[in-house]
Amino acid sequence: MVYFINDIITGALIGLLYALVAMGFVVIYRASKVFNFAQGELVIIGGFIVWFTTMQAGLSLWLSIPLSLVLAGLVGYAIERTFLTKLIGESVFSMVMVTVGLLILLRGLVLLVFGPAVRPFPIIFPLKPLFVGDMLIPMNLLIGGIITIVAAVGLSWFFNRTRSGLRMTAVAEDHVVASSMGISVKGSIAFAWVLGAILSTIGAMIFLSGKSLTFLASDIGFAALPVALFAGLESIGGLILAGVIIGVAQSLTTNYLDPLIGGSLGSVVPYIIMLAILLIRPTGLFGWRTIERV
Amino acid sequence: MTYQTKRGLRGFLAAGAMAVAATMPLKAKAEEIYNLALLSDFSGPYADIMPILAGGREAVFTWWNETRGQDLGVTLNYKNYETRYDAAQVASLWPGIKSELDPIAVVGLGGPDVAALSERLPEDKIPMFMATAAYGFAWQPDAWIFNPRPTYSHESAGFLNWMREQRGGDEPFKVAILASEASPAYVDMAKGLELYAEEHPKEIDLVEVIYTEVQPTDLTGQMRRVVRAGAEALIIQTNTSIVVAAKRGLQANGANIPIMMSSHNGLPASGAALGGLEQLEGDFEAYGMAIAADEDTPARQFYETLVTEYGLEAPWNVVTAMGVSQGLYTVTVIQHAIEANGAEGLTGEKVREALFAQTITTEETHGFLPSLTFTPEAPFPLEGLKVNVGTVKNGKITIEATGVDIPEVKKW
Amino acid sequence: MCLVMTLDAGHASTPLAVRGATLKFGGVTALNDVSISVNDDELLAIIGPNGAGKTSFLNVTAGFYRPQKGHVEISGQNVTGLRVDQIARRGVARTFQGTHLFAGQTVVENIMIGRHMLMKSNVVQAFFQFGPVMREESEHREAAEEIIDFLEIEAIRNRPVGTLGYGLRKRVDLGRALAQEPSILLMDEPMAGMNSEEKEDLARFILDVREARKIPVVLVEHDMGVVMDLADRIVVLDFGRVIAEGTPEEIQKDPAVIKAYLG
Amino acid sequence: MLELNNVEVTYSDVILALKGVSMTVQEGQCVALLGGNGAGKSTTLKAISGTLKSEDGNVSAGSIILDGTPVQNMEASKVVKNGLIHVMEGRRVLRHLTSEQNLIVGGHMVPNAAELKTRLDHVYTLIPRLADLRNRTAGFMSGGEQQLLLIGRAMMAKPKIIAIDEPSLGLAPMMIRDVYDVLKQLKSEGTTFFLVEQNSAAALSIADYAYVMENGRIVMDGPADKLADNEDIKEFYLGVTASGERKSYRDIKHYRRRKRWLG
Amino acid sequence: MDPSGIFSTSYRSDRRVVRTRWQALALVVFMALMLAAPYLVSGRIIAILNMMLISAVIAVGLQICTGYAGQINLGQAAFMGVGAYTASILASKTGLTFLLTIPLAGISAALFGFLFGLTAARIKGFYLALTTIAAQFIFHFAVLNLPSSWMGGSNGITVPPAELLGLRFVGETSQFYLNLAVAAIMIAGAFGIVRSRFGRAFVAVRDDDVAAGIMGINVAATKANAFLIGAFYAGVGGALWAYLIRFVGVDQFTLFHSIFFVAMIIVGGMGSIVGALVGVFVIRIIQEIIATVGPNIAESVSFLGGDIVFAGMNVVLGGVIAMFMILEPKGLMHRWNILKSSYRIWPFPY
């Protein structure tokens with residue numbers, strides 16, 4: 001029983017990590033209506049930046065973490081300036097398609113800049129887990145979970161309550177209307193990408209702390225995708241619930257069902273849950289209902 | 001992986017340059033020139049090890065041309081082809097390779113090469129020689145694609161029997177395996193060992209088969225199950241990232257179950273990814289090929305020769321060993337074919353016949369590989385299989401055992 | 001039941017009837033127990049202030065919204081809850097407030113899309129492009145050309161609709177609806193955004209449609225001149241309720257209407 | 001305040017939509033731009049406000065001066081910062097936000113909360129209906145309410161000049177009056193207007209000066225009262241015949257000569 | 001817009017694909033060149049053409065689904081895999097002729113695609129597009145976990161060569177004719193579909209699904225149909241792939257392959273069959289250049305280092321796609337059409 005509860009807790013924390021990466025999707029969507037397929041690549045870039053500042057440049061963690069976040073933000077800004085600004089005014093569809101191209105391009109760029117080798121990732125969070133009676137909770141996931149919740153609450157407030165947040169929401173609703181109101185669509189999208197890159201970097205730190213860094217890390221982008229859709233692409237707060245549900249379901253499947261069937265159902269379960277929820281609620285749990293008028 | 005890429009890179013380039021330089025003047029002397037097609041992946045998932053692997057195998061060809069080839073009146077030319085580790089790319093390259101080179105043998109790299117060429121090579125009558133261990137799905141009679149090593153499951157079964165002997169006692173050896181469905185090859189590794197454990201319940205007790213992602217988020221819970229099941233060893237033949245995540249999971253549980261790794265995710269690679277070899281103290285790597293340890297072995301000596309005389313600049317590690325051993329058994333087979341048929345009119349078919357006709361002794365491969373006796377029943381030798389075991393002692397890779405017998409493993 | 005339906009369909013006393021429809025969304029009651037029926041070959045105009053529920057009425061009729069209460073009958077058959085396309089197949093066509101044309105497509109293509117549901121060919125025939133498909137295409141193309149001819153848009157036949165002016169687009173919109181060979185035509189503010197010259201043109205076409213096709217038309221419109229001149233009967237909505245009904249003359253004098261709407 | 005000199009606009013680098021348009025708007029004035037559909041009115045407006053780009057258009061010649069700053073091909077959001085707000089046609093409210101959130105977004109450039117409150121109050125005193133609807137999701141408001149919301153949203157930015165496109169489009173007669181009442185009040189408070197209208201009667205009731213466009217060119221201009229008396233304007237835009245009688249839409253002949261200004 | 005002097009005298013001629021004499025001539029010359037290709041160019045080129053033809057079938061299907069019907073589809077490689085597996089299982093277990101296995105492969109892939117299309121009845125927009133990624137994961141899971149006697153599991157399936165009247169389709173030349181024939185039929189069929197009522201319904205649903213519904217088009221069914229047709233093409237392409245490689249494994253059909261199919265139609269241009277073909281050509285040619293000149297550059301430009309050259313090649317590939325999207329977001333065909341129309345209306349600017 002203790003182990004069962006432990007599996008649930010660990011699953012929930014992993015789900016929160018997915019939610020953090022998914023927050024990258026949602027923030028970019030919420031401020032620009034663009035679905036960013038290259039989110040996983042932003043995670044690897046963030047990871048490599050952290051690796052570079054710590055393992056290569058040899059900075060202490062207190063220095064390298066803020067520096068990495070700043071650098072990641074700059075990279076996000078650069079990507080937006082190079083690839084997306086020019087497309088403002090084109091259809092959202094073409095902007096989304098650009099992110100598909102980005103996915104291929106960023107992979108190549110990382111390969112070029114950082115090389116293909118497997119890199120050790122710095123130990124950012126204590127390796128020693130937290131023991132609660134017989135339960136043990138990985139420190140990186142625990143701290144990560146807290147960061148996720150704080151970030152979700154903060155960003156939720158930002159987007160729904162502050163004027164800057166509403167401004168971005170306006171951009172997501174309609175680029176042309178937003179710009180006709182004096183809102184800089186460019187600025188909003190740039191901000192979204194900066195934020196998306198920073199969130200991805202935090203995600204990379206939690207995900208990879210004490211482990212190794214390769215291209216495979218980008219898979220987390222597609223692992224986080226069901227969480228984003230489950231919550232609904234506009235909902236930041238909903239990510240927490242969605243992440244926990246999907247994380248727990250995945251953990252229980254991996255630990256109790258997979259051994260029975262001798263396969264890896266755990267990796268497909270998030271997608272199955274996502275499909276099921278979308279069939280019931282087509283815009284996710286908390287996504288905006290479509291308002292159609294003729 | 002572990003080594004500095006730059007060094008490996010220079011090694012690769014130097015070897016390439018040497019190869020070009022060395023083969024040019026030889027062309028005049030040697031009477032016959034045959035071509036080898038080298039399939040490589042410099043831009044795909046194995047781009048990190050490719051320069052070193054390529055350096056290893058190319059240095060062997062240079063060495064052979066200058067020593068054996070000269071005597072036999074044969075020069076082996078080779079050319080690298082970039083496959084991006086993609087079956088579609090191999091398939092579109094192949095007709096060009098055939099018409100451009102008309103190779104007598106292909107030196108392959110991995111799964112996509114096998115997938116794309118397994119049905120083409122018998123038609124075109126050209127054998128392909130791989131460097132890695134074999135897979136269950138390629139275990140078919142009348143092969144044209146060959147592995148110097150048996151399947152991954154053979155290697156792990158051999159290792160486990162050795163572990164059980166080391167431990168002593170009669171009860172079965174408890175083991176867990178960590179696999180992934182990301183690639184069918186990884187699944188194959190697990191399936192083979194599962195069947196072996198099923199067939200040998202008195203020797204092996206497979207307590208857990210865990211499937212995870214290729215870059216696992218967290219394995220603490222899974223490792224706790226492994227610990228609770230009382231596993232005495234953990235088999236991870238998939239990739240480095242999983243080794244690292246499993247190690248962290250074990251550390252979190254305060255457990256120290258030895259991990260067995262394979263060649264492509266071996267001790268140096270996993271150690272580097274963990275941030276230091278000392279973290280793998282007491283863990284193992286096991287495969288049917290020379291262990292690249294500090295000890296002075298024939299293999300090590302041959303490597304030194306390649307470095308000093310034939311321009312090899314790759315470091316002494318498992319990937320180099322893989323490249324060198326692949327090159328060595330390839331040239332040995334060709335040499336056998338020349339000895340049997342004469343230098344003239346050598347074809348892929350004759351090379352393949354020579355493979356079956358004669359054992360490739362461990363002396364011929366300078367101790368890189370055990371003696372290999374190929375039969376038409378399987379793409380790898382079924383008899384006299386050996387596995388070598390390396391471990392980390394005091395932060396250094398050392399050879400723990402050589403020539404450990406591999407038990408008979410049934411086809412799955 | 002079945003017998004009754006066939007009888008109804010045969011005589012089709014009311015081509016369209018909405019009975020007791022109530023529709024609420026987003027905290028607003030858009031329709032409150034609205035009953036309106038349309039007679040054969042009649043031009044019924046629906047007027048009322050913005051938000052009175054005129055467009056909601058059209059949306060309920062066309063199946064775009066499903067009323068919480070009440071039902072919609074077409075030729076005596078209850079069609080409440082059917083999908084928009086199923087209702088369209090029962091002969092309801094509509095034009096839009098603003099335009100909902102397929103902007104990248106040419107005029108001919110837009111009108112041919114209107115004929116989609118009248119065409120029968122299947123995917124396999126389309127794939128191989130053999131006999132029946134080609135014949136069907138030509139037949140329907142001919143019908144499309146008749147509509148183009150009728151609406152005097154021959155010259156712009158192959159122009160993408162997006163490049164046309166608003167007035168012409170409205171005409172294409174009407175053409176696309178006519179291409180469905182409807183048994184009833186709903187028009188949502190066709191005159192909005194037009195100058196008087198364009199209004200005259202479109203009014204003429206509406207009258208011609210009735211003359212040529214003999215189908216009832218439901219017209220939601222704000223332009224009183226147009227409504228009073230064209231309508232046979234007028235229904236006035238306010239706050240989701242029918243507040244008046246009658247001939248143009250009666251409506252013009254109705255004090256409730258003047259208070260709520262005409263001002 | 002606003003000055004257009006010989007402006008040309010090209011779409012997709014190919015289609016010439018405006019062919020040398022010049023006009024001036026003085027401070028405190030309301031200038032109306034009239035014309036048929038497709039004449040280029042909206043294009044002119046978009047050229048001024050910088051929203052052309054979303055339709056692949058650009059100002060290929062001439063200059064647009066806003067308060068001394070050239071704004072041709074300037075990014076839309078920067079034009080707003082120079083003091084011009086473009087209220088687009090088609091009632092493009094932010095549908096998923098509430099009415100008040102729409103207003104707050106409109107005031108996104110307001111430096112402090114107190115000022116924002118003042119402006120909100122100003123909007124609510126001028127348009128009391130918005131105060132009642134403040135928590136209503138904008139997508140569920142009626143057309144007229146949405147139009148009022150758009151005007152309120154523009155007011156939140158306190159622009160020097162409001163460029164408004166077809167404010168009466170699709171509105172009931174009383175609603176048109178309400179909307180124009182708000183505009184008139186704003187004008188009396190000193191806001192400059194650039195008004196693009198199809199509904200010439202309404203437009204000329206508020207405008208000081210008007211331009212008439214046809215085919216991408218200005219074909220007539222003059223003080224509003226003078227234009228209202230012009231026979232051609234009467235016939236084509238006000239729908240009144242020479243004798244002053246409006247003719248019935250039923251009496252329109254299908255084939256008739258159209259009088260056109262040389263375009 | 002037609003060039004001046006070209007006008008149609010019947011409705012049938014008005015819907016022709018080939019409208020001018022030059023186009024007809026170009027098409028005839030192109031087909032003749034294709035038929036003669038094995039006698040004109042090396043086996044390597046034929047092998048590249050084989051890959052292009054198979055990719056073309058799959059990309060054209062994706063174009064119908066994504067470009068015409070507007071449904072972003074990131075499961076095309078999975079649909080291809082279903083087709084490849086169907087053909088392999090039928091050919092290896094029942095010995096059915098390829099004349100039947102290829103269409104059956106298309107049909108089974110179409111059914112799989114249709115399942116995902118069915119969700120269109122409820123799910124819309126990006127949500128629908130993203131559910132196609134689930135197809136990819138479910139396909140992968142199913143192949144590996146169903147009993148290996150069904151789909152080969154991790155073993156993959158070996159495929160006997162296609163055979164017709166004693167002629168075995170082995171070697172690139174005979175396979176080239178097989179691929180060419182199938183691709184020609186499929187591409188011609190695609191032109192038929194997009195110009196039929198189905199094609200118009202697709203575009204209608206893409207541009208304005210509200211209006212499309214009111215036109216009597218069943219929007220959900222049309223979207224499902226788009227997936228069905230797109231997946232059918234992928235299935236046929238998968239069958240051709242199976243007969244070309246003659247060994248199928250689940251790792252030949254990954255999400256990354258799907259992404260590349262999307263890249264092909266982006267580069268070529270959305271909503272144009274010819275665009276899909278152009279995209280296939282451009283992407284495949286870049287990939288082949290990387291594979292061909294890469295090793296040579298790596299050897300000759302030694303100061304750069306081999307792995308940097310190859311990493312650079314990946315950047316080139318990603319960069320080309322990104323460049324297309326920045327400079328030509330509507331694809332090559334759009335640019336071509338603008339050029340064409342400005343040429344035809346020259347010298348007037350409107």
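Predicted model: local features only at pLDDT ≥ 70, side-chain atom pairs only at ≥ 80, totals over all residues.
Residues are numbered from 1 along each chain as its sequence is written, chains are lettered from A and ligands numbered from 1 in the order in which they are written, and side-chain values use heavy atoms, with hydrogens and water left out.

Let's start with chains E and A. Here 40 residues of chain E are in contact with 50 residues of chain A, contact being heavy atoms within 4.5 Å. About 3,900 Å² is buried between these two chains, and carbon and sulfur atoms give 84% of that. Buried area is the accessible area (1.4 Å probe) that two parts lose on being put together, summed over both. And how many salt bridges cross the interface of chain E and chain A? The rule finds 0, a salt bridge being a side-chain nitrogen of Lys or Arg within 4 Å of a carboxyl oxygen of Asp or Glu.

Now turn to chains E and B. On this side, 38 residues of chain E are in contact with 33 residues of chain B. Chain E and chain B bury about 3,200 Å² between them, with 58% on carbon and sulfur atoms. The count of salt bridges between chain E and chain B is 4. If you'd like one to look up, Arg168(E) forms a salt bridge with Glu123(B), and their closest N and O atoms are 3.4 Å apart.

Last stop, Glu189(C). Is this residue buried or exposed? Glu189(C) is buried, meaning under 20% relative accessible area (1.4 Å probe, protein chains only). Glu189(C) has no salt bridge, though, and the nearest side chain of opposite charge, Lys54(C), is 4.7 Å away. For charge, Lys and Arg count as positive and Asp and Glu as negative, while His and the chain ends are not counted.

What does the Glu189(C) side chain make a polar contact with? Its partner is the side chain of His222(C), at 3.4 Å. A polar contact is a pair of N or O atoms within 3.5 Å; within protein, one must be able to donate a hydrogen and the other to accept it, and residues adjacent in sequence count only if both atoms are side-chain atoms. Leaving aside neighbours within four places in sequence, Glu189(C) is in contact with residues including Gln97(C), Lys170(C) and Gly170(D).

Notes. Buried < 20%, exposed > 50% of the residue type's maximum accessible area, 1.4 Å probe, protein only.
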